[in-house]
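Let's take a friendly walk through a protein model together. Have a look at the sequence and the structure first, and then we will go through some details.

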Amino acid sequence: MKIVNQIKQFLPRQFGLYARQTYYQLRKIYFAGQPYHCPFCQKSYRVFFDGGFDLPVINEMQIIGSGRRKATICPGCGSNDRERLLYLYFENQTNITSETKILHIAPEPSLSKFLQKKAKQNYTAGVKYFEGFYYAKNTLLLDLLDLPFDDGQFDLVVCNHVLEHIPEDGKAMKEIFRVLKMNGKAILQVPWSPLLEKTYEDANITSAKDRERYFGQFDHVRIYGKDYPDKLKEVGFHVDIFEPKELNMKDNVARQYAINEKEIVFVAKKPVS
Ligand SMILES: [Zn+2]
């Protein structure tokens, strides 16, 4: 991978984008068919690819929103089941317009395009910098523990599958709460186990190997339990929960979008004080 990244440094940025677009265009044609459908690229496919990590703790703890998933990756745009579930949530439960100020942290590419198209210039994407990665143009490099925004700036913050990587997750939740407007919402999806009453974390588990063994991924620092919504409430959020079946899904949509029907959408709302 190091060599690939070094070669990339010498190629014009446009070249990489063009190659990626062409690759996905060809896959859209080659994999066209039934029974899957991707709402982001608005095409149907004969396959979605398997994706995610497969580790014993994920199965033992029945972790939702993590682990190896069969038929999850769209061949045409790379979206996964979690993104398509949020597509349903945004389409059915929100009214995002060009007036909606959105902060999208660690943006998933297909969801990012979808939100950006709706919010236009009011869409901001931000991510923590890691060496060796390419970041999309206009993506801010930021620290979730110290966001570079004034209080009460955003109507919507989207920050999925990030908190399980952060030792000071409470501090990150407070920062998200701070930058939201009154009545603003945050979508903060995390992997969690319905078998755990309380979130499991241990600051002594630090090696990649041990984190895989105990938390289900080399860079996760905990497994959230049924108390996850309580953690959001402690920061001041009001928490609403949506199950996939509540999202106006017509027959077969869950199957066509290959959505995990056990995955719940957690919506953290900043109440008017
Ligand atoms: Zn797609």
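Is cysteine 159 buried or exposed, and what is its relative accessibility? This is a predicted model, and in it cysteine 159 has a relative accessibility of 1%, so it counts as buried. Cysteine 38 also counts as buried, because its relative accessibility is 0%.

The structure holds zero disulfides.

## The zinc site

Now turn to the zinc ion. Its protein donors are the SG atoms of Cys38, Cys41, Cys74 and Cys77, which lie 2.3 to 2.4 Å from the ion. The four donor atoms make angles of 101 to 124° with one another, and the site is tetrahedral.

Along the chain, the donors are spaced as C-x2-C-x32-C-x2-C. Cysteine 41 and cysteine 77 link distant parts of the chain, being 36 residues apart. You can find cysteine 41 in the loop between β1 (32–38) and β2 (43–45), while cysteine 77 sits in the loop between β4 (69–73) and α4 (81–93). Both cysteine 41 and cysteine 77 are buried.

How much space lies in the second largest pocket? The value is about 310 Å³. This pocket is lined by 15 residues, and Gln62, Ile63, Ile64, Asn260 and Lys262 are the closest to its centre.

What classes of residue make up the lining? Six are polar, five are charged and four are nonpolar.

Methods: Residues numbered from 1 in each chain as written. Predicted model: local features only at pLDDT ≥ 70, side-chain atom pairs only at ≥ 80, totals over all residues. Heavy atoms only, no water. 1 Å grid on protein atoms, 1.4 Å probe; cavity = no way out; pocket = protein on both sides within 12 Å on 5 of 7 lines; lining within 4 Å. Points joined across faces, edges and corners; volume = space filled by probe spheres on them. Nonpolar A, V, L, I, M, F, W, Y, C, P; charged D, E, K, R; others polar. Disulfide = S-S within 2.5 Å. Buried < 20%, exposed > 50% of the residue type's maximum accessible area, 1.4 Å probe, protein only. Donors = N, O, S within 2.8 Å, 3.2 Å for Na, K, Ca; no water. Tetrahedral: all angles 85-135°; square planar, octahedral: opposite > 155°, others 65-115°. Helix = DSSP H or I, 4+ residues; strand = E, 2+ residues; numbered from the N terminus.
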